[in-house]
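Hi,

Here is the structure I promised to pass on. Have a look at it first, and my notes follow below.

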Amino acid sequence: QVQLVESGGGLVQAGGSLRLSCAASGRTFSSYAMGWFRQAPGKEREFVAAISWSGGSTYYADSVKGRFTISRDNAKNTVYLQMNSLKPEDTAVYYCARHRQAGTVVAGTIPQQYDYWGQGTQVTVSS
């Protein structure tokens, strides 16, 4: 069983930064692409960023491109999301997730492509 635990959320002013972490249990972390999604109140869960199993390829939603950076440390079973120049519209619960297919190099941008999810961490950006 895979467990994903997010941390690093909080309250920040517009223009500020946060770094989210997602720690994964299990020995197969390095074989799977990982993604970050977010969900604001009353809205659908939306794709934020994804990273291939090796870390060699990354993908971003247009709304965060140039501001957010996804990375991973396979030795620590952890994926990160560095968020800079935060805006009030970035306010949401952020979730990390593991792609269903081991070894994929294709970006997974829809939730159905992921099988394991963390519990989420709240990010609130004040104006």
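Is S85 buried, exposed or partly exposed? At 41% relative accessibility, S85 is partly exposed, a class that runs between buried (under 20% relative accessible area) and exposed (over 50%), with a 1.4 Å probe and protein chains only.

Before the rest, some housekeeping. This is a predicted model, so local features need pLDDT of at least 70 and side-chain atom pairs count only at pLDDT 80 or more, while totals for chains, interfaces and linings use all residues. Residues are numbered from 1 along each chain as its sequence is written, and side-chain values use heavy atoms, leaving out hydrogens and water.

Back to S85: it sits in the loop between β8 and β9, and its phi is positive, near 50 degrees, though it is not a glycine. (Strands are DSSP runs of E, at least two residues, numbered from the N terminus.) N77 also has a positive phi, of about 55 degrees, without being a glycine. N77 lies in the loop between β7 and β8 and counts as buried, at 18% relative accessibility.

Next, R67. You'll find R67 in the loop between β6 (58–60) and β7 (68–73), and it is buried, with a relative accessible area of 11%. Its side chain makes a polar contact with the side chain of D90 at 2.7 Å; that term means a pair of N or O atoms within 3.5 Å, one able to donate a hydrogen and the other to accept it, and residues adjacent in sequence count only if both atoms are side-chain atoms. Leaving out residues up to four places away in sequence, R67 is in contact (heavy atoms within 4.5 Å) with several residues, including S85, M83 and D90.

Beyond its neighbours within four places in sequence, M83 touches residues including L18, R67, Y94 and V123.

Cheers

Methods. Helix = DSSP H or I, 4+ residues; strand = E, 2+ residues; numbered from the N terminus.
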